[in-house]
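Keep the model open beside you and follow each step.

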Amino acid sequence: MTILEELYYGNLNPTDIVTMPSKETDHMLVLVDKQKRRLEEAIDDEEQRNALNRYIASSNELSVLTECEAFIKGFSIATKILAEAMR
């Protein structure tokens, strides 16, 4: 199957590609988790804890949207480079 056929049939999904963990991402994941736990432990009020969780969920959604936009722009740039190279 060609790459265009793979794309057409929905077989291409870059988010399904698992990346190997790196020291930097492992370190950041540990740091983020540690800071989240500290915040949760410091908050006694359930309403504030819920507000923190809503903030985290919103922040995660913003990250997903930002990553998607960066992917789209990167793909667009790559397409322009390819078109120019084919001249």
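**Exercise 1.** Which residues line the largest pocket?

This is a predicted model, where local features need pLDDT of at least 70, side-chain atom pairs count only at pLDDT 80 or more, and totals for chains, interfaces and linings use all residues. Residues are numbered from 1 along each chain as its sequence is written, and side-chain values use heavy atoms, leaving out hydrogens and water.

Step 1. Find I3, L4, L7, L12, P14, F71 and F75, which line the largest pocket (lining residues have an atom within 4 Å of a point on a 1 Å grid).

Step 2. Sort them by class: 7 are nonpolar, with no polar and no charged residues (Leu, Ile, Phe and Pro are among those counted as nonpolar).

Step 3. See who contributes: α1 (3-8) gives the most, with 3 residues (helices are DSSP runs of H or I, at least four residues).

**Exercise 2.** At what angle do helix α2 and helix α3 pack?

Step 1. Helix α2 (residues 23-42) and helix α3 (residues 46-85) pack at about 155°, their axes 9 Å apart (axes are lines fitted to C-alpha atoms over the stretch in contact; angles run from 0 to 180 degrees between N-to-C directions).

Step 2. Therefore α2 is roughly antiparallel to α3 (over 145 degrees).

Step 3. K36, L39 and E40 of α2 meet R49, L52, N53 and I56 of α3 (contact means heavy atoms within 4.5 Å).

Methods. Helices (H or I, at least four residues) and strands (E, at least two) are DSSP runs, numbered from the N terminus. Angles under 35 degrees count as roughly parallel, over 145 as roughly antiparallel, 65 to 115 as roughly perpendicular and the rest as oblique. On a 1 Å grid over the protein atoms alone, a cavity is a set of points where a 1.4 Å probe fits but cannot get out, and a pocket is an open set with protein on both sides within 12 Å along at least five of seven lines; lining residues have an atom within 4 Å of a point.
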